[in-house]
Amino acid sequence: MKKLLAITLACLMMLTLCASVSAADGDVNVTVTIEDVVPILMTEVSWDSFDFTYTFKETWTEGSFEVGYDEVGWNKPSATVTVANKSAGDVNVKISYEPKGDVELPGTVDFAMTAVNQDLSTAEGRSEFDSVSATLTVSGVPTVDSADTFNSTLVGNVVVEIVEKW
Amino acid sequence: MAGFSHVFRQDYDKRVKVGNEYVFCYSKKKLKELYPENDYNLSGEARKGTAKSQESFDARQAKKLARLKEKGLKESDVETLKIGDLKIGNSVLSVYPEGTNNKILGKTDGFVCVSEGNFIALHASRVPFLAIIFSMSAAIIGATLLTVSLLMNPAPPEIVEPDNPLPVVDPLARPMEDDDSEKISSEKGGGSITIAFRGPIYVYLDQNIATLTYGNPNASNQDVVVEIYLKDEGNEYFLGRSGRVPSGSALSQISIADREAGIATGYYKAKLYFHAYEPNTGDKAIVVSSVNDVDLIVVQ
């Protein structure tokens with residue numbers, strides 16, 4: 001009797017379950033999603049040597065005791081800084097040159113850089129990273145006697161400013 | 001009080017200075033030759049020296065005599081009493097009983113004859129000589145002790161500071177995980193840094209720290225020092241500075257104990273500066289990079 005009752009109950013339960021599934025139209029779907037996370041800022045800032053050297057060559061005329069100087073010139077005319085965006089998001093890049101206010105450049109020496117203000121696109125989906133460069137150029141001629149005071153003297157900084165755009 | 005006079009003898013063998021002049025006298029050796037049995041009379045002894053030194057000595061002897069008298073001693077019991085004057089050359093020397101002058105601080109310089117068989121010893125002070133000997137000995141001993149001391153405790157070697165001292169590595173810098181980036185090569189004097197950063201920055205006032213997610217991957221060929229500045233109404237306020245973060249390292253915490261201004265809890269914007277240093281030469285890069293408008297949250 002008991003066994004008969006148990007079997008009957010089991011069958012009733014199964015029928016109930018089947019009925020429920022049928023009433024809900026069958027499929028149970030599960031979806032797992034990842035919401036957008038904050039991208040990591042990843043930017044590469046690379047620069048050339050910003051050491052500029054002007055060379056004079058000492059000369060004298062035969063028969064004279066006076067020393068003269070020939071202008072040989074600068075070791076290099078310019079140096080470049082490049083910023084590449086490797087982030088999974090856009091960034092804005094500003095590049096500029098800021099001279100040191102307490103240093104007076106010798107002779108007619110001058111430094112110039114065209115300031116940069118540019119958006120760089122995300123690295124996602126790109127084969128090459130979006131980048132921007134700025135070049136600092138040197139011009140003019142220093143005075144000969146400035147060789148005594150200008151020896152790896154810091155005269156300014158190249159400033160790179162990056163802002164996330166996400 | 002007796003008066004003595006210097007009697008000139010042909011066989012005087014020594015010359016001594018008395019006052020500002022030289023006088024002749026017998027040496028001890030000569031006196032011994034003349035009187036091998038010591039059968040001569042030493043009438044007293046006199047101190048060589050200037051008149052001023054004579055007076056000074058006489059005054060000291062008088063005080064000594066007075067002290068002895070206070071103790072109840074009679075004049076006849078003591079031999080500090082001056083017994084006479086010795087005229088020798090242009091000087092007059094006070095004569096005291098033999099043994100009056102200190103045998104350690106002085107010496108007998110010679111003997112003058114004052115009458116047949118009677119002599120007075122001329123006493124010279126050794127104090128200047130002893131002072132020189134003492135000073136030299138002290139100097140030699142001092143120099144020896146100093147030398148031994150220096151040899152036993154050599155001075156530490158002089159520390160020569162480098163021209164470009166590198167900032168100290170931040171103790172909280174740790175190797176970046178999963179960093180397989182290849183190091184970028186640059187020309188001599190150039191450089192490259194890769195800034196890996198995720199905001200926001202959290203500031204915990206009660207702990208005086210700012211937490212951030214920053215990495216200087218192996219791709220960088222420079223080490224980096226990070227500075228945090230809080231932005232407010234167009235001004236930048238220094239919050240904190242890291243130690244040196246070597247290439248291939250990450251940093252998650254910077255102390256703000258030395259911050260420039262007091263701050264309250266809330267939301268701010270910040271600017272991060274990245275100063276690059278060439279790890280081999282210590283040269284600081286002319287290029288200064290920054291990340292602007294970073295979210296900064298201050299909590300208690």
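How many of the residues of strand β1 (residues 41–47) of chain A are buried?

1. Seven of the seven residues in β1(A) are buried, and the strand counts as mostly covered. The model is a predicted one. Both faces of the strand are covered. Leu41(A), Thr43(A), Val45(A) and Trp47(A) make up one side, while Met42(A), Glu44(A) and Ser46(A) make up the other.

2. Within chain A, β1(A) is joined to strand β4 (residues 78–85) by five bridges, and the two run antiparallel. Val45(A), one of the buried residues of β1(A), stands opposite Val83(A) in β4(A).

3. The bridge partner of Trp47(A) in β10(B) is Gly191(B).

4. A further pairing between the chains involves strand β9 (residues 156–164) of chain A and strand β16 (residues 284–299) of chain B, which run parallel and share six bridges. Here Val163(A) has Asn292(B) of β16(B) as its bridge partner.

5. Inside chain B, β10(B) and β16(B) run parallel and are joined by four bridges.

6. Tyr273(B) has Ser290(B) as its bridge partner in β16(B). The hairpin of β15(B) and β16(B) has six residues between the strands, and Gly282(B) takes a positive phi near 80° there.

How values were computed. Residues numbered from 1 in each chain as written. Chains lettered and ligands numbered in written order. Predicted model: local features only at pLDDT ≥ 70, side-chain atom pairs only at ≥ 80, totals over all residues. Buried ≥ 20, exposed ≤ 12 C-beta atoms within 10 Å, placed from the backbone. Pairing = 2+ DSSP bridges.
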